[in-house]
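This briefing goes with the sequence and structure shown below. Please keep both in view while reading the points that follow.

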Amino acid sequence: MKTKNIVLIILISTLGLLSCIKQNLPDPGTTPEDKTKLADAKVPDSFNWSTSKNVEVSITGLPTVVPIKNTLTITLPDGSKLYNAYHDMSVNLKLTLVVPATVTQLKLKFGTYDETLNIANNKAAFSFIPVVTYGDGM
Amino acid sequence: MRMKHIYLTIILLGLSSGVFAQQLTLNAESGNSAIEIGNCWRFLDYEQYTSSGSEVISGSYSLKTQMISNSSSINDTYIKTPWMKVGSGNITFKARLGSGTDPISRGVRVSYIPYNASSPGTSFEGTLVTFYSYDFVVTNNSVVNFIVPIPAAIANSTSLYKIMVSYLGQGGNGRVLSDDYIFPGTYWSNPANSCNPLPLNVPTDTDGDGVPDTQDEYPNDPYRSHNSYYPGLSQFGSLAFEDNWPAKGDYDFNDLVVGYNFNTVTNGSGNVVELISTFMLRASGAIYNNGMAYQLDGIAPNKVSKVAGNTPGSFTMASNGAESGQTYANIVVFDNFFNLMSKPGVGIGINTERLAPYIMPQSKQVVTTFINNGVNPAGGTLTLAELNPALFNMYMIINRERGKEVHLPNRYPSSLASTGLFGTKDDTSNPATGRYYKTSNNLPWAVDIIQGFDYPIEKVSIDLGHLHFTEWAVSGGVQFPDWFLNLPGYRDASKIY
């Protein structure tokens, strides 16, 4: 009986020890060894390996009575000036900007215009011709 | 350039003195009142221009008020001009009553509004003065030709005014149609400045390049005015290359590691003057003597006037500094990294092994000039939109073998690339399909990180240092687009230099 108790104590202690060891093992689901190694990776044919994206920006000019020129600045949300040039407000402009892939908005400034342009499908647009709701008094 | 400054001054003085008498017209023929509103006309209780044959007074479009039934104030339904310097003579326009039921009264009032600099809360509009009044015969729908003399108090004044034409009336629901407004005077509103008046004085433009000093980043340089940056002011993107092409390498992406920043300088006409490229040479864990260049995709070499600051070594440059024999402008930044940064004598290269001494990165600036002191290049000028960063095709030249170029995946090789190497060993480039610099499972020989990049140590694949790199690639860039950041769980620091 005494021997049987000793065996039981040893068995329980061993199980407890194994349990502790198991807790210190890395999670099998997150070990780097289980991840696909780069050399074996199947990468989509269309992937360009870039952390940036090209955004086509389209700006519609306003036919003005007299030439209205000002500095047109397009920036990232953090203020980085990507496009910055003297611009005639009546001119239509199409340009391509390269921005971080995670960026979803651009900022546009021209005189007192201070606009946020949303990027959708790698495109952003702005028009100096206002959107008018009739009857609202513009 | 000084003459240009004087010429501009004369024009503005002429405008202010009425020498160049003008008139403001409003005839709705743009077909879109938003264009007039953008040009600082204001409409209250108006509809979009009408093109209905029964309503048009002249041309293809006329103006139409909303229904008038209880409008007793001149502020209820009106057309207001932009700010203007009023001339002399008559304001003229046409108007008639539109269809509607039983109007009791319909009238026209014409007023002027002086500029009041101390009243920003009213858009600088001062106290309105009505100087003309007319009441329609409500049973008569005929067009009335209005001829309204400009009051002497405002005629040819140097002060600024708006003219307001109001329609009012009682009873019924009839509208008023109008057209062919002519207001003698000179337009003086600025659509880019919340429709406030244009400046009365000529803005200071010291260098006479047409850009006011307040907006000119080079106020004393007639040839330059603005800077645009890629990836941003004082920010560096990173290029990291493998140099075993066309065979696979060890994917440590440290055979050549270079930071890049571009400043595209434009002039007052919006044309590109120069491209100031700054490269930060950081590491080369290589035996090969690797070089670096960039191609301006689609830009002819004769658009370049000169190149300064580069070290092309024995590669052949044309007289303008661009590389000879190229279809598009190619600028060789350096032919041999190790000529610019000396190996410490320990380890395989520079700054990829911890046991070797650290060598301070070197900055190399290359200026590609397009318009040289106001002189255009033989091939003509480029706008900022035409020379955008998407065209900056940066690449490595392996071991000074000119034909062995390594570009970012699917970027075009230069004309001097050895096409015979395409499709050999592990490379699956196929010019016929536009596929370049990828293995059969689409792995690259170069990566471009648009911001700072901590590259792996020697002989350690990038995915062992940056733990989400492979997930980013396999997902086509959808997962972990920020894999290069130093976030918890994102990297094994022991494998990054």
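T75(A) stands opposite K107(A) in β5(A). This is a predicted model, in which local features need pLDDT of at least 70 and side-chain atom pairs count only at pLDDT 80 or more, while totals for chains, interfaces and linings use all residues. Residues are numbered from 1 along each chain as its sequence is written, and chains are lettered from A and ligands numbered from 1 in the order in which they are written.

**Strand β2 of chain A and its partners**

- β2(A) and strand β5 (residues 105–110) of chain A pair in the antiparallel sense over 4 bridges; two strands pair if DSSP finds at least two bridges between them.
- Strands are DSSP runs of E with at least two residues, helices are runs of H or I with at least four, and both are numbered from the N terminus.
- Strand β2 (residues 69–75) of chain A is also joined to β3(A), by 7 bridges, and these two run antiparallel.
- In that pairing, T71(A) stands opposite Y86(A) of β3(A).
- The hairpin of β2(A) and β3(A) has 5 residues between the strands, and G79(A) takes a positive phi near 95 degrees there.
- Of the 7 residues of β2(A), 6 are buried, so the strand is largely enclosed by the rest of the structure. A residue is buried if 20 or more other C-beta atoms, placed from the backbone, lie within 10 Å of its own.

**The sheet around it**

- An open sheet of 4 strands in chain A has the order β3-β2-β5-β6, with antiparallel pairing.
- β3 (81–88) and β6 (113–118) of chain A are at the edges with a single partner strand each, so one side of each is left without a neighbour in the sheet.

**Chain B as a whole**

- Chain B has 5 helices and 25 strands.
- Its radius of gyration is 34 Å, well over the 23 Å that the globule rule gives for 497 residues, so chain B is more spread out than a compact globule. The radius is taken over C-alpha atoms, and the rule is 2.2 Å times the number of residues to the power 0.38.
- The C-alpha atoms of chain B fill a box of roughly 100 × 50 × 45 Å along the principal axes.
- Buried residues are 45% of the 497 in chain B.

**Where the chains meet**

- In chain B, 64 residues are in contact with 58 residues of chain A; contact means that C-beta atoms, placed from the backbone, lie within 7 Å.
- Elements giving two or more residues to this side of chain B include α2 (33–38), β15 (226–230) and α5 (469–474) of chain B.

Terms used. Contact = placed C-beta atoms within 7 Å. Buried ≥ 20, exposed ≤ 12 C-beta atoms within 10 Å, placed from the backbone.
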